[in-house]
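Please keep the sequence and the coordinates open while reading.

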Amino acid sequence: MYARAKAYEGRAAAVEGVGKDLVNEPMIRHWCEAMGDTNPAYVGADAIAPPTMLQAWTMGGLSGHGGRSKVHDELLGLLDAAGYTSVVATDCEQEYLRPLRPGDKITFDSLIESVSERKTTKLGTGYFVTTRMEVRAGGEPAGTHRFRILKYMPAVRRGGGTGGAAASGAVAAGSTAGVADSAEAAAGTGKAGAAGFQAEGSAAAAAGSKAAAATVAVAPVAPVASKASVAPAAGADATAAPPRRPRPVVNRDNAGFWEGVSRHRLLIQRCDGCKTLRFPWLPGCNACGCLEWDTVEAGGEGTVYSYVVMHHPPFPAFDPPYAVGLIELAEGVRMISNVVGVPHDRVRIGMPVRLEFERVDEELELPVFRAVEGSGG
């Protein structure tokens, strides 16, 4: 299998792809508002695009791109047929060669750069597939985007469950649950995942940076009252433990947040330089670039700024439909969490909520937000 998959290395996944839109100010503004990035380099007459938007200008959206080849799909189909049916994005790397400015026309080529030997991770056994995209602006090299996924066969846990949040070919596009043992699976992805995870990347990379990587922090989101969403197969052990919730990724950048959660404290980072509060946790300040920070404890009051109700796809240990809210805390920062204490179809924008901590299992406790009594409807 490795030899067959490796034969795809160097084959083109897209040739002379064209971005659907020119680099433009509205998209830059939306990105900066979503990321909370107030860097003055991204506004005004001489504005540039945040470097970490590099991939955004190449995305095809729901309708896709006409210039993409079928090579990438063929490789994934080959691995699917061999039983490696699950997918998890593990990391991305970006190199910036020149700033992108409004009006730039984006073109790109991409190829399958590498397929690893078979690796065993906590999620399961499989192959890391890395795609490299060369991005041009006005015909000039603008940057490189590498994206790595793990195509794996879910590990069988004691009790009959399988590891990981994605199965049967479903793509958990932002989930980094169950950190892989291999160093090749360093956690980090900049997209929201259907498995109930959201990652936000720092868009404060210096303009014209020769090489930099987006930094991400991950906050878990999942229904509190979880149960297996798939009935056990005929003959299965009815006493088997239900599938476990995916584990959050804890790293050196966000370990303090999770240590606070273990003590029932919701900690927000505060920049030592400009005193700006930030969430999720990041190694540096988006507003002024300062790397020094301390923390303040959230009082626990907030409101639902926005929300979605998850219906599909179903995953083990998740019981749709359930509400995932973007909660605006009284301190002014926002975070992703579950809204509990009210039916999913009664959640409303502006609904007042209050922080509490929900123990999911013997190892995992999560911050969630309960609707204030009398606020539903």
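In which sense do β10 and strand β11 (residues 277–278) pair, and over how many bridges? The pairing is antiparallel and has 2 bridges. Two strands count as paired if DSSP finds at least two bridges between them. Helices (H or I, at least four residues) and strands (E, at least two) are DSSP runs, numbered from the N terminus.

This is a predicted model, in which local features need pLDDT of at least 70, side-chain atom pairs count only at pLDDT 80 or more, and totals for chains, interfaces and linings use all residues. Residues are numbered from 1 along each chain as its sequence is written, and side-chain values use heavy atoms, with hydrogens and water left out.

**Confidence**

pLDDT is the predictor's confidence in each residue, from 0 to 100. The chain has a mean pLDDT of 79, and 76% of its residues reach 70 or more. Strand β10 (residues 267–271) has the highest confidence, at a mean of 97, while strand β8 (residues 197–201) has the lowest, at 31. Across residues 162–236 the pLDDT is below 50, although this stretch has 206 contacts in the model beyond near neighbours in sequence (contact: heavy atoms within 4.5 Å). Where pLDDT is low, the predicted coordinates should not be read in detail.

**Around β10**

Of the 5 residues of β10, 4 are buried, so the strand is largely enclosed by the rest of the structure. Buried means under 20% relative accessible area, exposed over 50%, and partly exposed in between (1.4 Å probe, protein chains only). β10 also pairs with strand β12 (residues 293–297), in the antiparallel sense over 5 bridges; there C271 stands opposite W293. On the β11 side, Q269 stands opposite R278. The hairpin of β10 and β11 has 5 residues between the strands, and K275 takes a positive phi near 65° in this hairpin.

**Backbone exceptions**

| Site | Feature | Value |
|---|---|---|
| F279 and P280 | cis peptide bond | omega about 5° |
| P320 to P321 | cis peptide bond | omega near 0° |
| E16 | positive phi | phi near 55° |
| H264 | positive phi | phi near 60° |

P280 lies in the loop between β11 and β12, and P321 in the loop between β13 (301–310) and β14 (322–329). E16 is part of strand β1 (residues 12–18). H264 belongs to the loop between α4 and β10 and is partly exposed, with a relative accessible area of 44%.

C274 is in no disulfide, and its nearest cysteine sulfur, that of C285, is 3.7 Å away. For C285, the sulfur of C274 is the closest cysteine sulfur, and 3.7 Å is too far for a bond. C274 is partly exposed, with a relative accessible area of 33%, whereas C285 is buried at 5%.

**The barrel**

A closed barrel of 5 strands runs β13-β14-β15-β17-β16, with mixed pairing. Its neighbouring strands are turned by 50° against each other on average, direction ignored. Strand β16 (residues 352–359) and strand β17 (residues 365–371) run antiparallel and are joined by 7 bridges. Here L355 has F369 in β17 as its bridge partner. Helix α4 (residues 255–262) lies across β16 and β17, at about 70° to β17. Axes are lines fitted to C-alpha atoms, for helices over the stretch in contact, and angles run from 0 to 180 degrees between N-to-C directions.

Notes
Disulfide = S-S within 2.5 Å.
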